Amino acid sequence: MKRLAKKEELCTGCGECEKVCSQAFFKENDREKSCIQVNEEKIKVCNQCGECIAVCPIEAIYRDKNGVVRINKKICTSCFMCVGFCPELAMMMHGDMLEPFKCIACGQCAKACPTQAIFISEEV
Amino acid sequence: MIKLNNRDYECQDGITVEELMKLNNFTYARIIVYLNGEVVLPENYASTTIHHGDDVKAIHLMAGG
Amino acid sequence: MNMEKINLARKLIKEYHYDLKAIDKGYTGRTLYVNVGSHDIKEKSVTQLIKDKFIGGKGFGLYYLWQAVTESTRWNDPENEIVISSGPVGGITQYPGSGKSLVVTLSPLTDMPMDSNAGGYFGPYLKFSGFDALELQGKADKDVIIFINGVKGTISIEEVPNEDIDTHIFGEQLTELYADNEEDKRNIAVISTGTAARHTNIGLLNFTFYDVRRKGTRLKQAGRGGIGTVFRDKHIKAVVIKVAGVKGNENHPVDKLTLNKIGIKMHKEIHDLDNSQNRMRQIGTANIIEVMDQYDLLPTHNYKFGAHKDTYKISSRVFTAKVTQNSPDGCWFGCSLACAKAADHFELKTGPYKGEKVSIDGPEYENAAGLGSNLGIFDPDAILELNFYCDTYGLDTISFATMTAFVMECYENGILNKERTGGLELTFGNIEAAFELIHQMSRGEGFGKIVGMGIRKMKEYFVKEYGADPKFLSDIGMEQKGLEFSEYLPKESLAQQGGYGLTNKGPQHDEAWLIFMDMVNNQIPTFEDKAEALHYYPMFRTWFGLVGFCKLPWNDIAPANNKFTDEPAKIPEHVQNYVDVYNAVTGMSIDKHELIRQSERVYNFQRLFNIRMGYGKRIHDKIPYRAMGPVTMEEYESRQERYDRQLVEHLGYDPANKTTEEKMKVLREYRLDQYEKLTDAVYKRRGWTMDGVPTAEKLQELGMDLPELLEVVKKHV
């Protein structure tokens, strides 16, 4: 299962990951639009546990072939139950977007992280 | 004698909140207990004692389907 | 009848085209009128006055029904309408419980406006198709299906063969018929009823919706007051709506971010706390079965008692094991409280579908109490199966339960016997007899037809045909205004007697549920306290039905810090959520006080509507004594210690050396007098005369001094 893993003790809170993520997804630099968020060296990001898959009433959330949890925006009704029920508080909402958004373990932030506090892991 | 939900109620001095709830068969999951106007949290039911003259309220939060 | 046959036999008799348009701040600004007799189809625009005074939902239903009928219109006249509307907030997906539909019609049971609410997708889809409300009027010669195509902007009336079909089959067939493919099924909503609606006065309206995860149709019901009976009488077989899809901004709210934030806060609250509070996600409203029993409130043997030694056999834990648990079920998108339970692969043991495996919705608390303890039935499978047949036949479970309890007591008292029931041995606990009764209602045969008239008409019938004692029947027949009581025992709570009796549509607890607040908590000891509660709660709860909300997420979950608030029973944070959500959708800026006034306008309108129809006054607010105290010696003696103590405490009456009859008489006089005093206090608080008529001053104060209302007031004050 592919996921973004973390070693919080290495995090310096520089915020590079947030910049890269919001740039990659939304073409702007806005940490509120980042799928990874760092507060006082606490890294909030999806661990692909998949609890949201069972919560979604219309099966808009699924696990892809790499084990990454994804949202099918076409059928999502923007109820945000997945946001309220996420144990990691890592399902995100932003007023500019109709649907919730989340980390898909693309690894861009890991490449940008100066301390390797985040990295792509294939372990279960 | 104490007041329980604004009614006179006879019980032993020093009874705990937990015992009082049991005696009254207050089994509902959502009850707020006030002892002399202060909320008693469920984790303190066993250690909180009630004495003569105390005013106890066990407010069941239920309002039907 | 299979789908192919229906499809082949369908005959288009009218098609109407309309312009699709976006919703603005929760309103389309337009309603749809369909006359199934004349095939007239019209669009009506919603004026600012209608929005200001009636808000939506039940308010719209009552407004349009008022315009459609006169004082002399009866439920089965073509003029009678069925009006369905959700409300301005209805159809948002962010806040739990935001997809309700309110249905209003003149009831065959009460001869007055009835309102009943249902979950499912219909109300929101109606709005997404372009209409704030749907008026159905007239009477068709042959059965028709109305199809509202919100994708293309067409409305059609289609003739179909005259044949009754039960809902669990028909709802699914129609969903298949009108969906383009499997993916599209979620975009279909159907309302229809079942075979028993034609033969009884307690027919309900089923709201069929497609459950994506179960890959099957599910049902929710506008159960109360015989709306399905009116539907069938109009020869409407179904109304089907199709939409293009559901997104989170269909309502075009003014402030979507606020909706998102409040919704997420609620989802999180439910995620964190539901397990330790009411377990709604696990078992739904049935969580209270054993609680009601423990507090002597579970109606047992036609409301004689409040508990039974066998209740453990039908406790919520028993049903939890029977209900499919892999997915908490909502009835509208985004409802995280998810109380809509279902038992899958249930094998039926009786009736026309015997041996088939079906999905059974429920049980709700009402069903378990009504079909269970109140009938003396403590078999969970029997309760589930009765629940299934009520739903698919189109019978209101509450009325079915309460009237079956009534005939069981009549049977045990010799008012009925095997000869009169056509061989049914209607003793409490006789499961077989209960099933035979329900199947008779579907077939329109035998004693089932008589019971299906409802308790009010049965009482007249038993007096006339069997010489029964009218006083005893009016004591034990748990109906008021013609509607059967819902399933709580109000004997020991005066406030709840008012909560049942001093209502608009009849004894349904959707206006006020004050038993614990009154009886156990003793928070409202004086008449004025009770009257205040019987003002605030009915008004607050009326509001849900104006805007499209469900009541359950208001107080079947509470924030962790609720216990530290001034008025925990009101759940102040949730009240503020509702105010904020309403404002965020509509762009209005109401506060919690204006919320109450919005309800008061509609509530008083409904009261005057009742009065206009010849009811709605003090005399109609009286309740049977079974709801107030012990009717029989058996009841008194079963709780003798309690009643004796009350005689001493409240009346200074010494029960020693008195017969049970003597004590019952004294207690009865006292309790009847208490109810009258409560009535005085409540009327005063609500701004009504002592005969229960809203005053002109009250209407002025509310900005509800509409000429047609003042005219009714003038006639009756």
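In strand 7 of chain C, C:L136 is the bridge partner of C:V34. Strand 7 (residues 133-137) and strand 2 (residues 30-35) of chain C run parallel and are joined by 4 bridges. Strands (E, at least two residues) and helices (H or I, at least four) are DSSP runs, numbered from the N terminus. The model is predicted: local features need pLDDT of at least 70, side-chain atom pairs count only at pLDDT 80 or more, and totals for chains, interfaces and linings use all residues. Residues are numbered from 1 along each chain as its sequence is written, and chains are lettered from A and ligands numbered from 1 in the order in which they are written.

An open sheet of 6 strands in chain C has the order 3-2-7-4-5-6, with mixed pairing. Two strands pair if DSSP finds at least two bridges between them. Strand 3 (41-45) and strand 6 (113-118) of chain C are the edge strands, each pairing on one side only. Helix 3 (residues 58-68) of chain C packs on the sheet and touches strand 4 (82-85), strand 5 (101-106), strand 6 and strand 7 of chain C. Contact requires C-beta atoms, placed from the backbone, within 7 Å.

Chain C is assigned domain 1 (3-242), domain 2 (278-484) and domain 3 (494-557 + 590-716). These bounds come from an automatic or database domain assignment. In chain C, 42 residues of domain 1 are in contact with 33 residues of domain 2. Helix 5 (167-178), strand 11 (205-211) and strand 12 (216-222) of chain C each supply at least two residues to the side of domain 1 that touches domain 2. Strand 12 of chain C gives the most to this side, with 5 residues.

Key: Two residues are in contact if their C-beta atoms, placed from the backbone, lie within 7 Å. Axes are lines fitted to C-alpha atoms, for helices over the stretch in contact, and angles run from 0 to 180 degrees between N-to-C directions.
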